Each structure stands twice: as C-alpha cells, then as structure tokens.
Amino acid sequence: MPLLDGPGVSLSYAIVGEGEPVTLLHGFTLSSRNWRELIAKMPGHRRWIMPDLRGHGDTRTPPGAPCTMDACAADLRMLWDHLGVERSHLAGYSMGGRLALHVAVRLPERVRSLLTISAHAGLDEQARAGRRQGDEALAERIERYGVEPFVNYWAAQPLFAGIERRGAAYQVQLRAQRMANRPDGLAASLRGMGAGAMEPLWDEIGGLAMPCTFAAGEEDAAYVASARRLAAAVSGSRLEIVPRAGHAVHMQRPAQMARILDAHLRRADGAAAAGTSASSLTPA
C-alpha cells in the first residue's frame with residue numbers, strides 16, 4: 001500500500017477502481033482492508049479511497065503526535081489534495097462513521113455525500129465523562145498487556161454478537177486484521193478519538209446540505225436509536241435499518257450493505273445531476 005508523508009504522519013492508504021471517488025473510513029481496531037469484501041460487491045465505476053486512520057494499520061505517527069478527529073480530518077484533506085480529489089463521497093463505520101460526521105461538518109465543501117454505519121454524533125456531557133474514564137482504562141490495559149489480550153476482550157463484546165454467523169474462516173481473517181495493529185496506536189486512538197473524547201456535533205449536523213444516509217443493524221438497539229436521531233436531525237436524509245444485523249452491519253450483511261451504499265451513491269449522483277440539495281429530497 002502507498003504511503004503519503006505529511007506533518008506528523010505517514011499515511012497508508014489503498015485505492016481500488018476508477019471513477020467517482022468514494023472515501024471509506026474504518027472502525028476501531030480495523031484498517032482499510034476491512035472494506036475489501038464490501039467494494040467487491042459494488043458496481044465497477046467508482047474509485048474507492050481507503051486510508052488507515054491514525055493509530056491503525058500501516059499508518060504511523062511519531063510519539064506525541066495527535067490522534068484526534070481534527071488530525072484525521074487534516075489527513076483526509078491532505079490525501080484528497082494529493083490525489084486531485086476536489087470532492088468525495090464519504091462513508092464510515094462506527095469510529096469511522098463518527099469521523100465522517102466530523103469531516104462533513106468541518107469540511108462540507110469537500111464532501112459530496114455522507115453515509116454512516118453504526119455511528120452517532122457524540123455523547124452528552126455526563127456520558128462523555130464516564131466514557132473517557134473507560135477509554136483511558138482500556139488504553140492503559142492495551143499498553144500494559146499488548147494487543148492480543150485486548151483483541152480477545154474486544155471481540156467478545158456483546159456489540160459484536162452475530163459475527164460468528166460468518167463462520168470460522170471469516171473470524172480468523174478478522175482477528176488477523178485486528179492483531180496487525182500496534183498497542184501504542186490503539187491506545188492513542190482510544191484517548192483521542194473515542195466517543196468520550198469526541199466533541200458532540202448534534203447542534204451542527206442540522207446544517208448538512210449533502211445527501212445523507214444513516215444505517216444501523218436492527219439487533220443493535222442503541223445505534224438504531226442514534227441512526228433515527230441522526231436522520232431526524234438532517235433534513236432530507238435516509239434511514240436504513242438492516243434486518244438480522246448488529247453493530248458490524250457491513251461485515252455481517254455485506255450484500256445488503258452494498259445495496260444500501262449503491263442506492264445512496266446513485267441518489268447522490270442524481271441530486272448532483274439535477275442540481276438539488278439534500279433538503280429538497282424526500283426521505284424514504
């Protein structure tokens with residue numbers, strides 16, 4: 001995978017295909033490789049841009065470099081500039097979905113459309129405080145004991161129930177992807193990009209004008225509620241609740257998620273061709 005050197009980062013990224021750019025942002029403990037199965041099910045006229053976010057995969061930062069939403073947004077802007085991409089469709093899962101919301105709010109002129117999977121726009125202040133404490137404890141645990149014990153713990157979380165339906169071979173592949181991360185990177189990501197660290201965006205997302213879709217798995221009640229709240233806050237947006245799926249929708253139901261993503265991108269393309277904004281589109 002190519003590397004792009006910038007201020008305080010050596011950014012690893014992958015590109016697949018040619019055509020209209022779509023940038024995909026992975027979740028915590030994952031990497032750009034997590035999107036390969038999904039894009040293999042998509043039509044072949046898109047340019048898929050998949051960075052390893054700070055703290056993950058083959059992206060490297062020096063000690064003390066920020067691992068924050070703002071730093072990752074700057075990385076994306078640098079990558080788009082390097083690739084000659086003026087505007088990109090943007091999709092993200094979980095932590096990557098929260099980052100996608102952050103980028104859409106902070107850099108709306110660079111985002112053609114937005115799709116999130118199992119994401120929210122921030123916690124209230126009381127919940128943030130508790131989450132920051134929990135994330136700090138997890139970060140210390142990773143630094144003390146290493147990646148493997150943490151991966152064992154993380155994969156067993158109820159949030160990821162349902163992954164076992166994909167079979168043993170898939171679980172082995174997913175574990176290998178998580179194990180490829182470094183303890184210092186995961187710890188930094190928790191401290192700087194965890195839900196407790198994220199500044200809430202609920203008061204700002206109502207101004208989003210690009211076509212938006214918010215997806216969640218029906219078995220993940222908390223994120224179904226978040227997706228509904230996002231859809232209610234953003235005029236003209238779409239809500240997609242995926243049957244027989246939990247938090248990791250695109251991993252549990254890749255074919256269904258591919259259909260949702262394709263429909264979203266076609267809708268955004270149609271809005272651009274018609275010269276309309278998201279607010280003029282009727283939600284499903």
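Are F28 and W154 buried or exposed? In this predicted model, F28 is buried, and W154 is buried as well.

A pair of aromatic rings is described by how far apart the centres are and by the angle of the planes. Five aromatic pairs are counted here. One of them joins F28 and F150, with a centre-to-centre distance of 6.1 Å and 75° between the planes, an edge-to-face arrangement. F28 sits in the loop between β3 (20–25) and α1 (36–40), while F150 is part of helix α5 (residues 147–155), so this pair ties together parts that are 122 residues apart in sequence. F28 and F150 are both buried.

F28 also pairs with W154. Their ring centres are 5.2 Å apart and their planes stand at 80°; because planes over 60 degrees apart count as edge-to-face, this pair is edge-to-face. W154 lies in helix α5 and F28 in the loop between β3 and α1, so the contact ties together parts that are 126 residues apart in sequence.

Elsewhere, R166 is placed over the face of Y170, at 4.1 Å from the ring centre.

The sheet comes next. It is open and is formed by eight strands in the order β1-β2-β4-β3-β5-β6-β7-β8, with mixed pairing. The edges are taken by β1 (3–6) and β8 (238–242); each has a single partner strand, so one side of each is left without a neighbour in the sheet. On average, neighbouring strands are turned by 20° against each other, direction ignored.

Within this order, β3 and strand β4 (residues 46–51) run parallel and are joined by four bridges. E20 has R46 in β4 as its bridge partner.

Helices pack on the sheet too. Helix α3 (residues 95–106) touches β3, β5 (88–93), β6 (111–117) and β7 (212–217), and its direction makes about 145° with that of β5. Helix α8 (residues 221–233) lies across β6, β7 and β8, running at about 165° to β7.

Key. Residues are numbered from 1 along each chain as its sequence is written. This is a predicted model: local features need pLDDT of at least 70, side-chain atom pairs count only at pLDDT 80 or more; totals for chains, interfaces and linings use all residues. Side-chain values use heavy atoms; hydrogens and water are left out. Rings of Phe, Tyr and Trp (its six-membered ring) pair if their centres lie within 6.5 Å; planes under 30 degrees apart count as stacked, over 60 as edge-to-face and the rest as tilted. Helices (H or I, at least four residues) and strands (E, at least two) are DSSP runs, numbered from the N terminus. Buried means under 20% relative accessible area, exposed over 50%, partly exposed in between (1.4 Å probe, protein chains only). A charge sits over a ring if NZ of Lys or CZ of Arg is within 6 Å of the ring centre and within 35 degrees of the ring normal. Two strands pair if DSSP finds at least two bridges between them. Axes are lines fitted to C-alpha atoms, for helices over the stretch in contact, and angles run from 0 to 180 degrees between N-to-C directions. Contact means heavy atoms within 4.5 Å.
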